[in-house]
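Q: Please take a close look at one part of this model, the place where the two chains meet. Walk me through what is there.

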Protein chains: 2
Amino acid sequence: MAVNSPLPVAADLKPVAGIRLGHAEAGIRKANRKDVLVMELAPTATVSGVFTTNRFCAAPVQVCKAHLEGLHMSSGPIRALVVNTGNANAGTGDAGLAAANKTCSALADLLGCEAAQILPFSTGVILEPLPVDRLIAGLPQAITNLKEDNWFLAAESIMTTDTQPKAASATVQVGSHTVTMTGISKGAGMIKPNMATMLGYLAMDAKVAQPVLDHLIKQAADKSFNCITIDGDTSTNDSFILIATGVGSLEVNDIDTPEYAILAKAVIDLSQKLAHMIIRDGEGATKFISIAVEQGRDLDECRKIAYSIAHSPLVKTAFFASDPNLGRILAAIGYAGVNDLDVSKLDLYLDDVLVAKNGGRNPEYREEDGQRVMKQSEITIRVKLGRGDVETTVWTCDLSHDYVTINADYRS
Amino acid sequence: MAVNSPLPVAADLKPVAGIRLGHAEAGIRKANRKDVLVMELAPTATVSGVFTTNRFCAAPVQVCKAHLEGLHMSSGPIRALVVNTGNANAGTGDAGLAAANKTCSALADLLGCEAAQILPFSTGVILEPLPVDRLIAGLPQAITNLKEDNWFLAAESIMTTDTQPKAASATVQVGSHTVTMTGISKGAGMIKPNMATMLGYLAMDAKVAQPVLDHLIKQAADKSFNCITIDGDTSTNDSFILIATGVGSLEVNDIDTPEYAILAKAVIDLSQKLAHMIIRDGEGATKFISIAVEQGRDLDECRKIAYSIAHSPLVKTAFFASDPNLGRILAAIGYAGVNDLDVSKLDLYLDDVLVAKNGGRNPEYREEDGQRVMKQSEITIRVKLGRGDVETTVWTCDLSHDYVTINADYRS
């Protein structure tokens with residue numbers, strides 16, 4: 001069960017003018033499962049994407065990048081996205097690339113556009129050939145299902161080991177314009193996005209110039225999907241896509257405007273919400289843990305320390321057990337790779353409880369106080385480095401028996 | 001149960017002339033448990049140590065370093081080592097440092113030497129005050145127990161979550177001289193040594209000049225304890241100590257000699273054996289996994305990739321399940337941080353089975369072959385990078401339910 005993350009309500013997910021969504025059951029890996037999603041965009045839409053930095057980046061990621069680069073060249077706007085689950089089409093070499101391209105061509109034929117105007121995405125098992133014929137055979141069904149009011153089923157269609165769909169909406173008032181935005185995400189394991197996350201799609205009905213959208217997606221990713229981790233495994237298929245359908249009345253052509261600032265905040269907030277949903281539904285997660293590293297010299301050292309804590313199996317199992325074995329956090333800070341760290345300046349808090357002071361146990365720290373916080377389902381670890389004024393926050397979950405069960409059973 | 005690692009037989013562990021070992025039950029954390037070990041050295045002994053790089057390095061580690069540095073200055077030779085389990089004396093600030101120094105003084109008084117001639121070690125829970133009075137009260141009992149033929153009980157005395165003691169002996173013929181060496185180690189979790197490991201002690205009866213011993217310990221650590229990982233957590237207390245008692249007939253004063261080469265090989269082999277024992281007894285381990293990365297450009301990239309595989313919770317749970325979900329290995333290679341890696345040159349083997357060829361699935365790979373190897377308790381993952389001639393091997397274990405159970409229960 002996801003941690004404090006109620007199931008999204010279909011009726012709460014707002015249609016975004018200029019994007020229609022349709023799902024299909026194509027039998028990619030298993031029968032009778034929604035496993036294909038098509039998102040069709042208005043011709044006015046601008047689209048930006050950020051992708052995994054994994055060197056084994058999947059074939060569809062390579063095709064997406066090429067097609068988005070084409071945007072800046074001669075080809076027409078992106079007209080549709082197609083996602084399949086059940087197979088990642090990664091580690092599949094030239095055959096995988098051909099399969100991704102074939103999918104784009106097939107969908108382009110059905111929609112009457114060019115293959116370069118399609119973005120393909122895959123998620124699932126790595127190193128297995130994509131059953132591209134079954135995928136293509138499912139496309140007409142997805143197109144039949146296309147409608148604006150289909151975000152809930154769309155979120156369901158991209159799930160793998162997720163226990164529940166992840167989706168959220170927001171509206172933001174920018175001057176006289178009301179902007180509607182809805183996003184979906186998926187992912188529960190192999191989560192340590194690096195530039196982007198498993199799969200995340202966020203659409204809004206504003207008209208946003210391409211360079212502005214390209215700037216915004218990086219801002220949003222860096223404050224959301226790039227700050228979460230479940231198991232430290234950066235996927236081969238991470239993708240986060242931001243869509244401005246251009247159908248609404250707001251138009252943003254410049255980042256140095258009050259309109260951009262308001263819109264950007266709303267996009268970042270919604271991206272963060274979608275990213276948190278991934279952690280709350282982390283494989284086997286029983287706790288949602290925020291790790292704030294403050295008073296650092298630069299962002300790099302703050303992130304190193306936050307991720308070192310977030311990835312430590314010993315820290316994560318202690319949280320699972322609600323055991324305030326907090327020396328494990330100090331050990332993780334100590335091996336984070338900040339080689340000139342002076343631990344005698346460091347303070348460690350668990351929520352409001354000062355556990356370690358000047359690098360040693362706080363004489364006033366009482367085990368009962370640590371125990372009280374550890375029993376909560378939402379916990380903040382706060383590390384004050386005492387050497388600068390930079391801070392960052394990373395979100396993660398605990399490591400439970402269910403993580404092992406899920407990942408020992410996922411494929412078999 | 002440790003993986004293919006039979007319990008050492010006390011009678012097989014050879015006494016090393018010039019070192020006597022004595023244990024005590026001091027009630028450091030729990031009653032009726034061997035938790036203190038004293039090792040007394042001949043005045044002719046030379047001693048070298050390598051220690052954790054964790055910035056939160058424990059108080060005893062700081063004292064050890066200072067006393068070993070003193071060796072090169074004016075103070076006399078190291079006369080004894082004292083180890084306690086049940087408490088790491090780490091994250092304990094100035095009080096922890098005072099406790100470590102007090103321990104050295106107390107033992108020095110009992111043995112009639114200076115505090116600077118004692119090396120202290122602690123292992124156990126971090127962030128809790130060392131019960132130094134109980135430790136000191138246990139020293140006379142340890143001294144009463146001192147004898148050369150006590151390696152098995154010594155190995156038992158330094159255990160924490162280890163399921164069995166770790167010890168091994170060897171003799172090596174160097175010209176007309178027979179050198180006897182015996183070592184012990186401990187550690188089962190918080191294992192990703194960086195310069196050294198949890199606790200490892202190796203003594204031999206040769207006479208080895210200090211600079212030669214300092215050189216040898218780095219060679220041995222880099223090929224043994226520095227190549228193992230269980231959970232990626234570098235401890236605050238890692239220490240590996242090499243002792244040459246100087247009582248035997250062999251004398252080595254120069255590394256550019258055939259004698260050094262023969263002795264070094266024997267020390268490295270025994271260090272590797274002791275390091276492997278730690279992995280075989282890794283918390284919850286059911287498999288012993290060797291990860292060989294070959295054809296790299298430099299050692300750094302080979303190690304990055306090997307550790308990336310070795311630390312991936314997804315890879316480790318797949319091995320636990322004997323599930324050949326081998327795309328997870330490709331993903332771990334891809335995010336290892338070798339940014340110019342050309343995956344189209346990469347081959348992946350599981351033992352003798354070629355799984356991926358030129359970065360994609362080997363067309364001739366059959367799932368049954370992968371399955372066959374995955375079921376074994378000893379497995380080699382071999383990655384050929386196709387970009388150089390450097391290679392390295394790292395050893396690890398799988399991630400099982402028992403790892404979670406042990407670490408969720410360790411302290412409580």
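A: Start at the rotation axis. Of the residues of chain A, A:H401 comes closest to that axis, with its C-alpha at 2.9 Å. A rotation of 180° with 0.0 Å of shift along the axis superposes chain A on chain B, and the RMSD is 0.0 Å. The two copies are thus related as by a two-fold rotation axis. The superposition is by least squares on the C-alpha atoms of residues with pLDDT of at least 70 in both copies. The same surface serves both copies: 100% of the contact residues of chain A recur in chain B.

A word on the basis. This is a predicted model, where local features need pLDDT of at least 70 and side-chain atom pairs count only at pLDDT 80 or more, while totals for chains, interfaces and linings use all residues; side-chain values use heavy atoms, with hydrogens and water left out. Residues are numbered from 1 along each chain as its sequence is written, and chains are lettered from A and ligands numbered from 1 in the order in which they are written.

Now the contact itself. Chain A gives 59 residues and chain B gives 60 residues. Contact here means heavy atoms within 4.5 Å. About 4700 Å² is buried between chain A and chain B, and carbon and sulfur atoms give 61% of that area. Buried area is the accessible area (1.4 Å probe) that two parts lose on being put together, summed over both.

What holds polar atoms across this interface? Between chain A and chain B there are 15 residue pairs in polar contact, both at pLDDT 80 or more. A polar contact is a pair of N or O atoms within 3.5 Å; within protein, one must be able to donate a hydrogen and the other to accept it, and residues adjacent in sequence count only if both atoms are side-chain atoms.
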